[in-house]
Amino acid sequence: MSESDVKKNNKTKNNALDDNIAIRVENLTMEFKFSKDKIDTLKEYVIRTLKRDKKEGKTIKVLDDISFEIKRGEKLGILGFNGAGKSTLLKIIAGIYKPTSGNITINGKIAPLLELSAGFDKNYTGRDNIYLNGAFLSMDKKYLDEKLEEIIEYSELGEYIDVPVKNYSKGMKAKLGFSVATLIEPDILIIDEILSVGDIKFRKKSGKKINEMMAEGVTVLLVSHSINSVRRICDRCIWIDNGKLIMEGPVDEVCDAYVEDANYAKLRKEKRMKRKLRKKYG
């Protein structure tokens with residue numbers, strides 16, 4: 001499929017979306033099922049199944065009926081404590097997860113800067129993985145052929161590009177993933193935490209690349225625990241807690257409320273700890 005075909009498909013898929021809207025999330029719910037059984041072997045699994053002795057799995061609702069919109073060119077910060085559902089939300093928008101229910105409508109090409117080495121085959125070389133990762137991002141072979149040397153040069157991997165990825169360091173894999181993901185000139189940039197890709201030199205280069213894309217008016221979704229980074233980069237914020245949308249609005253209003261709640265939570269935790277110590281030691 002050519003780049004023009006991808007664009008045509010995007011337009012057809014998203015023709016119900018207002019041109020001013022980049023992403024619309026409607027009543028999004030995500031549930032994960034976990035087995036309560038600790039079954040270590042296939043034999044044990046078959047026996048427990050035949051005896052109907054398997055415990056029912058536990059369902060955890062990670063996202064609960066979330067709805068919001070992002071306008072074109074807007075920079076949206078997503079706040080929440082660990083386990084709130086932020087990264088899951090980004091992965092659903094990026095197409096990595098399929099939601100349990102609800103709808104997401106996307107207007108434009110996405111560059112997901114999440115787990116940059118996700119999708120790599122460790123037994124393939126870096127060169128082979130450029131084509132594999134590019135296909136995941138809807139790039140055709142002809143386009144990748146034309147951009148191959150540019151990707152290799154940007155990644156700074158040199159002769160290691162023809163070495164199997166299983167021999168790469170974490171930083172080398174991230175550099176290659178970043179070089180492919182940012183090649184597509186995206187309309188929407190999804191970032192899970194401010195990137196720390198590779199060595200200091202490459203971090204500066206990748207940071208500059210992201211700033212250039214944001215300056216060109218791409219839509220940004222940013223998850224970060226750095227409130228200062230969110231205030232600096234974003235126009236608007238949403239705050240998620242226990243899978244629910246708690247607040248949505250201008251960046252400073254949401255950040256202030258989030259910080260205040262975090263401080264109260266810290267005080268409550270300290271008070272509980274003091275009570276436990278007094279009870280234990282008098």
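Student: Which residues of α6 are buried?

Tutor: They are M172, A174, K175, L176, G177, F178, S179, V180 and A181. Buried means under 20% relative accessible area, exposed means over 50%, and partly exposed is in between, using a 1.4 Å probe and protein chains only. Helices (H or I, at least four residues) and strands (E, at least two) are DSSP runs numbered from the N terminus.

Student: Anything I should know about the model before we go on?

Tutor: It's a predicted model: local features need pLDDT of at least 70 and side-chain atom pairs count only at pLDDT 80 or more, while totals for chains, interfaces and linings use all residues. Residues are numbered from 1 along each chain as its sequence is written, and side-chain values use heavy atoms, leaving out hydrogens and water.

Student: What span should α6 have, and how far apart are its end C-alpha atoms?

Tutor: Helix α6 covers residues 170–181, and at 1.5 Å a residue its twelve residues should span 16 Å. The expected span is 1.5 Å times one less than the number of residues. The end C-alpha atoms of α6 are 16 Å apart, which agrees.

Student: Zooming out, how many helices and strands does the protein have?

Tutor: Nine helices and nine strands. Of the protein's 282 residues, 40% count as buried. Among contacts with a separation of 6 or more, 73% are between residues 24 or more positions apart.

Student: Let's do strands. What does β8 pair with, and in which sense?

Tutor: Strand β3 (residues 75–79) pairs with β8 in the parallel sense, over four bridges. On the antiparallel side there's strand β9 (residues 244–250), which pairs with β8 over six bridges. Two strands pair if DSSP finds at least two bridges between them.

Student: Which residues are bridge partners there?

Tutor: L79 has W239 in β8 as its partner, and R236 has P250 in β9. The hairpin of β8 and β9 has two residues between the strands, and N242 takes a positive phi near 50° there.

Student: Is β8 mostly covered or mostly exposed?

Tutor: Mostly covered: β8 runs over residues 236–241, and five of its six residues are buried. R236 is buried, with a relative accessible area of 15%.

Student: What salt bridge does R236 form?

Tutor: R236 forms one with E74, the closest N and O atoms being 2.8 Å apart. R236 lies in strand β8 and E74 in the loop between β2 and β3, so the pair ties together parts 162 residues apart in sequence. A salt bridge needs a side-chain nitrogen of Lys or Arg within 4 Å of a carboxyl oxygen of Asp or Glu. E74 counts as buried at 12% relative accessibility.

Student: How many salt bridges does the structure hold?

Tutor: Twelve. One of them joins D64 and K244, with the closest N and O atoms 2.5 Å apart. That pair links distant parts of the chain: D64 is in strand β2 (residues 58–71) and K244 in strand β9, 180 residues apart. D64 is buried at 19%, whereas K244 is partly exposed at 42%.

Student: New topic: where is S224, and is it buried or exposed?

Tutor: S224 is in the loop between β7 (219–223) and α8 (227–233). At 3% relative accessibility, it counts as buried. Its side chain reaches the backbone nitrogen of S226 at 3.0 Å.

Student: And T125, what does it touch?

Tutor: Not counting residues up to four places away in sequence, T125 touches I161, D162, V163, P164 and V165. T125 is found in the loop between β5 and α4, and it is buried, with a relative accessible area of 16%.

How values were computed
Polar contact = N/O pair within 3.5 Å; in protein donor to acceptor, adjacent residues only side chain to side chain. Contact = heavy atoms within 4.5 Å.
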